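This report describes a ligand site and several backbone features of a predicted model. The sequence and structure are shown first.

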Amino acid sequence: MDMVSVCKTDEVAPGTSLRVEIDGLPPLAVFNVDDEFFVIDDTCTHGDASLCDGEIEDGQVECPWHNARFCIKTGKALTFPAVVPQKTYVVRVLDGTVHIEKND
Amino acid sequence: MTDRFHIKLAGGNVAFDCASDDTLLRGGLRQGLGLAYECNVGACGSCKFDLVDGEVDDLFPAAPGLKPKERERGKRLACQCVPRSDCTIKIRSGEEYVSDHVPRKMQARLIAKRALTHDISEFSFATGEAAQFLPGQYALLRLEGIGQARAYSMSNLANADGTWQFIIRKVPAGIVSNALFDTLQVGSELELDGPYGIAYLRPQIPRPIVCIAGGSGLAPVLSIIRGTRDAGGLRGIPQLLYGGRGPGDIPDIAAMLSVSGVEAGIHPVVSMPELAPVAAWSGDVGFVHEFVPKKLGQPLTAYEYYLAGPPPMIEACVRMLVAEHNVPSTQIHFDRFF
Ligand SMILES: Cc1cc2nc3c(=O)[nH]c(=O)nc-3n(C[C@H](O)[C@H](O)[C@H](O)COP(=O)(O)OP(=O)(O)OC[C@H]3O[C@@H](n4cnc5c(N)ncnc54)[C@H](O)[C@@H]3O)c2cc1C
Ligand code: FES
């Protein structure tokens, strides 16, 4: 199991997100929800929009284009027009760095 | 007097001219640009934009396609804003939004009105020029004296005579549908602006076609089924599932299609059989999406889907197809009748 470093924890304040591009992976969205870090794919499964441009509320992120909401923790598509969940990643925070497990 | 303003798209050198009585969306589409949209009536939010520079008027500030929070942040809907000056806007675009037939405003004369059920009628209009549109597209109809236009899908096919047919449901207390049924007389004119819409028939895709419609959603799927006649590469007989409340809501679809010489499998479903006027209903009872897996012979991933009707019906169908049966969303085309 490869661990990939994604960003520093202090780059993502509570209640915000950060879009990260890493070679070999789709664009990622890192969320800080009450100091807990979550990483999901950044591009909405419905339309071609970045979830990092979306509103974050109650552990959910709303796509800025069609207002579909996703659960940040599980990736579940909560409202139409999205029906396909966002891919989620297993996160490890080590020494102030957010890592994800990369399984091929 | 109508002025024309110069509208620049931020972050590039694309620009278009827009009349002061045209919305930014329609102005752009008329000039062949692929500005993102779906409904054209302020409900879906697909045409959101940021006004970088310039001034616009919002024709429908209460439009449900934007949340109050988004408005506070300066977001607007391109289908509801007309320019008041030259502008720079930031808006999404894509090839799929470019119209094969550039939309135009025309005068259309009502030439026939024919009842199909107790509250659904077929309206036929004539324009002075050829009717050019793709099967499944819609037009905006605007009546003299009513400022607001409404979207209605064509049920026929493009033709040189300039005939545009619509299947319209009379909505209780609805402003435009009631005016069409009660006020508009054969011989009267209205403004027809079109074609619009991205849920049109993809004839190059050979997968067999399944149409799912409910309520007033019959028109575009009839056009699509009629359109398969000229699309030689398509495999199989198109299937149509149509949902209505009671038996009296189901028009004689077989008769309508046989006139145009196309074959289709027709599967009506009613949700409230107790509404039967005289004879009892012996057909399927339930919601139309529940019958899709039962009526089709192959795995659901084998088909191309065209959906039209009330937003909750569309949502139930798309969820069923994508989440339960793994149909790729790219195989599903829909118009939500807001
Ligand atoms: C893409 C599309 C295709 C459609 N195709 C068909 C069809 O083939 N057949 C059919 O019967 N119906 C169709 N509809 C529905 C149709 O457009 C009307 O919504 C319906 O006829 C009710 O209109 P009404 O004026 O009678 O009702 P109303 O209740 O008076 O109006 C409802 C509609 O008007 C909009 N509206 C309210 N205020 C304003 C305002 N200030 N400015 C602009 N809009 C406003 C609402 O958002 C809502 O969409 C379609 C809708 C869409 C979006
Ligand atoms: S296209 Fe403007 S809100 Fe739907």
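## Ligand site and backbone geometry

Ligand 1 takes up the space of the largest pocket. A pocket is an open set of points, on a 1 Å grid over the protein atoms alone, with protein on both sides within 12 Å along at least five of seven lines; a molecule sits in one if more than half of its atoms lie within 2 Å of its grid points. The model is predicted, and local features need pLDDT of at least 70, side-chain atom pairs count only at pLDDT 80 or more, while totals for chains, interfaces and linings use all residues. Residues are numbered from 1 along each chain as its sequence is written, chains are lettered from A and ligands numbered from 1 in the order in which they are written, and side-chain values use heavy atoms, with hydrogens and water left out.

The shell around ligand 1 holds 21 residues, and B:R150, B:A151, B:Y152, B:V176 and B:S177 are the closest; a residue counts as near if one of its heavy atoms lies within 4 Å.

| Residue | Atom of the residue | Distance to an oxygen atom of ligand 1 |
|---|---|---|
| B:A151 | backbone N or O | 2.6 Å |
| B:Y152 | side-chain N or O | 2.7 Å |
| B:S177 | side-chain N or O | 2.6 Å |

On its own, ligand 1 has 970 Å² of accessible area, of which the protein covers 83% (Shrake-Rupley method, 1.4 Å probe). In chain B, the elements that give two or more residues to this shell are β11 (150-153), β12 (163-169) and α3 (175-183). Helices (H or I, at least four residues) and strands (E, at least two) are DSSP runs numbered from the N terminus. The largest share, four residues, comes from β11(B).

Chain B is assigned domain 1 (4-97), domain 2 (104-196) and domain 3 (209-333), with bounds from an automatic or database domain assignment. The centres of domain 1 and domain 3 of chain B, taken over C-alpha atoms, are 34 Å apart.

Most residues other than glycine have a negative phi, and most peptide bonds are trans. The bond between A:F80 and A:P81 is cis, with omega about 10°, and A:P81 lies in the loop between β7 (69-71) and β8 (88-89) of chain A. Another cis bond runs from B:G194 to B:P195, with omega near 5°; B:P195 is in strand β13 (residues 189-196) of chain B. A:D58 has a positive phi, near 50°, and is found in the loop between β5 (55-57) and β6 (60-62) of chain A.

Note on methods: Polar contact = N/O pair within 3.5 Å; in protein donor to acceptor, adjacent residues only side chain to side chain. 1 Å grid on protein atoms, 1.4 Å probe; cavity = no way out; pocket = protein on both sides within 12 Å on 5 of 7 lines; lining within 4 Å.
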